[in-house]
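Trainee: Could you take one part of this model and walk me through it closely? I would like a single connected account.

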Amino acid sequence: MRAITLLLAALVVSLSTAFSAIPDISIVGQEGGLPQKLPGGYVNTFTRWFVERIGDDQPENISRDAGTGLALERLPTEGDDTFVNPTSATELWWPLDLEALQVRPCLEVLMQGGSPRYALAGLTVRVPAHSSGDCEEWRNYGLNSQPLARQWTKFEFAVEGGFRIECFVGKNADDGEEDESDGVNGGEKDGDVSETMKEEDETYLWDRIFPGELGALDDRPSAHAMFASQRMDEALESVAVFLSNVDESSPLANGFHLVSFPLTEQWTDLPRVQNEKGYKLLCLATAEPDAEALVEMDEGLVALTATSVLNVDVLPTASGSESQYLPQSYRTLYCKK
């Protein structure tokens, strides 16, 4: 029996390693214009953290190393109990027995030795409490549950005027009619982007999910840029507070760490996956005047703009509660009481 148990444990670990592998990371904004490459296997070992704004009335069960008014939380990963590595730069999996997934855009910063080096378009994903078996919020809900940008830019660009993050959902044009009523933000259609983009001989229709609907200003790229830039300025203030409180005793003082700073307190419901093809999530961290124009641009040209790109496929997967290999750490999430 013990031999069988060890064999199953080894199988879970090997599957985790295979499915959580990420491609090499491209770092743009370099002198000379040519991107540098960072091995994906190495990046996959970086510890990931979330910085949250908190009030004095909230419980202090999270490290406050980030400074006054900020809390620092580490994302569980492989090696923590029986958790798996949730990071993926290509796919976001949606188990069929999870009723809802929510996202929140963030500025992600790669830190080395306590100092910022690169800025990333980020998107934090969670299972909201009302959809989990234990009525708790989950961020690591299994393989491919936390996306990571495949293209990074130098942190210096993040502090330049106009730098911001805008996020889009892209659905295959052939699927457009069957889920017309199933929009973002809890079922309401933003309707602010109707552009199409070709990828691998498929056409995608894009809706902007951040910043959200701007009413009469929806068709003005400058309005979205201004609103998103304001959110970025607020996040950069949190980054400044964070950095001022990182000393030699901080867990971030040594090595490489990916730290996420939210751009908003609000979470957005992802549209339900309608078929096995799923849809795309795209986030752009850029100082270009029209982020929407980058959606249609060739990847090589986007790299010349020093833009960070997060682009993943949202795909349905088998129910976690029905998996015979479900690790113990996830049983309270998938197995309802």
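**A strand and its surroundings**

Mentor: Start with Ala306, which is buried, at a relative accessible area of 11%. Buried means under 20% relative accessible area, exposed means over 50%, and partly exposed is in between, using a 1.4 Å probe and protein chains only. Before going on, note that this is a predicted model: local features need pLDDT of at least 70, side-chain atom pairs count only at pLDDT 80 or more, and totals for chains, interfaces and linings use all residues. Residues are numbered from 1 along each chain as its sequence is written, and side-chain values use heavy atoms, with hydrogens and water left out.

Ala306 sits in the loop between helix H6 (299–304) and strand S17. Helices (H or I, at least four residues) and strands (E, at least two) are DSSP runs, numbered from the N terminus. Phi of Ala306 is near 60°, a positive value in a residue other than glycine. Most residues other than glycine have a negative phi.

Now move into S17, residues 308–317. Of its 10 residues, 8 are buried, so the strand is largely enclosed by the rest of the structure.

Which strands pair with S17? Two strands pair if DSSP finds at least two bridges between them. S6 (residues 91–95) runs parallel to S17, joined by 5 bridges. There, Trp94 has Pro316 as its bridge partner. S16 (residues 279–286) pairs with S17 in the antiparallel sense, over 7 bridges.

Next, look at Leu281. Setting aside neighbours within four places in sequence, Leu281 is in contact (heavy atoms within 4.5 Å) with residues including Leu92, Leu310, Asn311, Val312 and Val314. A nonpolar core is a set of buried Ala, Val, Leu, Ile, Met, Phe, Trp, Tyr and Cys residues joined through side-chain atoms within 4.5 Å.

The largest nonpolar core has 69 residues. Leu281 is among those with the most contacts inside it, along with Leu107, Tyr141, Trp152 and Phe242. Strand S8 (residues 115–126) gives the most to this core, with 6 residues.

One last stop is Cys283. Cys283 is buried, at 1% relative accessible area.
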